[in-house]
Structures are given as structure tokens and as C-alpha cells.
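Hello,

Please take a look at the structure below. My notes on it follow.

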Amino acid sequence: TDSTPCIAARGFDLCAHGEEDVVAANFLPMGTKIRMPDLYGDRVFTVVDRMNPRFDRHMDIWMRDPADAKSFGRRRVMIEVY
């Protein structure tokens, strides 16, 4: 992250949005809707940000609380493009 951690690609404001329904991914087009049924059931997430180019098959789930993100950790998960 840089000095504006709430601002995602194309100016999307994560903090103002306030919902934990967005992800960062390089392998999907911006605006793509996905689900992670094993973790979140039918909840739909939207790709709104990018990651460092070296993470070509990774995805970050935005969480309001950094402690929640740290607790969640790193996981392998199946996604469905919605």
C-alpha cells in the first residue's frame, strides 16, 4: 500500500464504501463479480483493485479491521466468476 490505503485503483474509496465485498486481483478484469462459496456462501465480491504484478494468481479480500485480515491469513480458495 502507499500513503492512501483507502483508495483503490481508479479512485475507488474502500473506506467510504465501508463494505467488505471487494477484492484486489490481477487475473480478473476490473468490475468482475465473484463468489467464494466455501468461505462466504452466496456473498458476491467485486474486483476493484490490483496487486503488485508479481502476484498474478493471488487475490486480496478487503477487510475493515487489519486484525481480522491478519487472523484470516493466507488461504487457498475456489472462486466462481459470477
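The accessible surface of the protein chain is about 5,700 Å², by the Shrake-Rupley method with a 1.4 Å probe. Carbon and sulfur atoms hold 49% of that surface.

Some ground rules. This is a predicted model: local features need pLDDT of at least 70, side-chain atom pairs count only at pLDDT 80 or more, and totals for chains, interfaces and linings use all residues. Residues are numbered from 1 along each chain as its sequence is written, and side-chain values use heavy atoms, with hydrogens and water left out.

Now the fold. The protein chain has three helices and five strands (DSSP runs: H or I of at least four residues for helices, E of at least two for strands). From the N terminus the order is α-β-β-α-β-β-α-β. The radius of gyration, taken over C-alpha atoms, is 12 Å; the globule rule also gives 12 Å for 82 residues, so the chain is as compact as a globular protein of that length. That rule is 2.2 Å times the number of residues to the power 0.38.

Burial next. Of the 82 residues, 27% are buried (under 20% relative accessible area; exposed is over 50%, partly exposed in between; 1.4 Å probe, protein chains only).

Finally, the whole structure holds one disulfide (cysteine sulfur atoms within 2.5 Å). It joins cysteine 6 to cysteine 15, S to S 1.8 Å. The S-S torsion is about -60°, so this disulfide is left-handed. Cysteine 6 is partly exposed at 25% relative accessibility. Cysteine 15 is partly exposed at 41%.

Best wishes
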